[in-house]
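Notebook open, structure on screen. I'm jotting down what I look up as I go.

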Amino acid sequence: QVQLVESGGGLVPPGGSLKLSCKPTGTIASLNGMGWHRQAPGKERELVAHNTGGITNYAESVKGRFTISRDYGSNTVFLQMDDLKPEDTGVYYCNIYYTTTYYGRIQNSWGQGTQVTVSS
């Protein structure tokens with residue numbers, strides 16, 4: 001199974017920006033879907049952004065501030081986060097749906113999570 005390595009989290013003041021990266025370690029033939037989720041302390045994990053078949057959806061709370069994207073060469077998935085707010089604090093997880101051969105079954109992998117803290 002493909003492993004995902006996340007990076008880019010950290011401490012940032014309100015109004016700041018961060019860009020999270022999620023890089024797969026194995027070979028991917030087809031990336032069918034990608035997404036970012038987050039989990040705040042004491043809360044359930046929630047979907048932040050997702051792209052499947054070219055259609056992108058964002059949580060209402062991040063629309064206009066966050067952008068999900070990918071590098072087609074490396075299949076690295078990104079989450080650009082602008083105008084960050086304290087309520088954006090949490091552990092951010094990426095996940096992808098992919099195949100390792102062009103007609104293989106679709107598999108799902110999750111990253112290990114990266115901490116984002118928005119505080120002055």
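Which residues does His37 touch, not counting residues up to four places away in sequence? I get Arg45, Glu46, Leu47, Val48, Val91, Tyr92, Tyr93, Asn95 and Trp110. Touching, or contact, means heavy atoms within 4.5 Å.

Ground rules before I go on. This is a predicted model, where local features need pLDDT of at least 70 and side-chain atom pairs count only at pLDDT 80 or more, while totals for chains, interfaces and linings use all residues. Residues are numbered from 1 along each chain as its sequence is written, and side-chain values use heavy atoms, with hydrogens and water left out.

I find His37 in strand β4. Strands (E, at least two residues) are DSSP runs, numbered from the N terminus. Is His37 buried or exposed? Its relative accessible area is 14%, so I write down buried. The cut-offs: buried is under 20% relative accessible area, exposed is over 50%, and partly exposed is in between (1.4 Å probe, protein chains only).

Next I check Glu46, which sits in strand β5. Glu46 counts as partly exposed because its relative accessibility is 35%. Leaving out residues up to four places away in sequence, Glu46 touches His37 and Arg38. The side chains of Glu46 and Arg38 also make a polar contact of 2.7 Å. For that term I note a pair of N or O atoms within 3.5 Å; within protein, one must be able to donate a hydrogen and the other to accept it, and residues adjacent in sequence count only if both atoms are side-chain atoms.

**Entry: the core**

I look up the largest nonpolar core and get 26 residues. Such a core is a set of buried Ala, Val, Leu, Ile, Met, Phe, Trp, Tyr and Cys residues joined through side-chain atoms within 4.5 Å. Trp36, Leu79, Met81 and Tyr92 have the most contacts inside this core. Which element gives the largest share of this core? I find that β9 does, with four residues.

Tyr92 has a list of contacts beyond its neighbours within four places in sequence, including Trp36, His37, Leu79 and Met81.

**Entry: the disulfide**

How many disulfides does the structure hold? I count one. Cys22 is joined to Cys94, S to S 2.0 Å, and the cut-off for a disulfide is cysteine sulfur atoms within 2.5 Å. Cys22 is in strand β3 and Cys94 in strand β9, so the pair ties together parts 72 residues apart in sequence. I note Cys22 as buried, at 1%, and Cys94 as buried too, at 0%.
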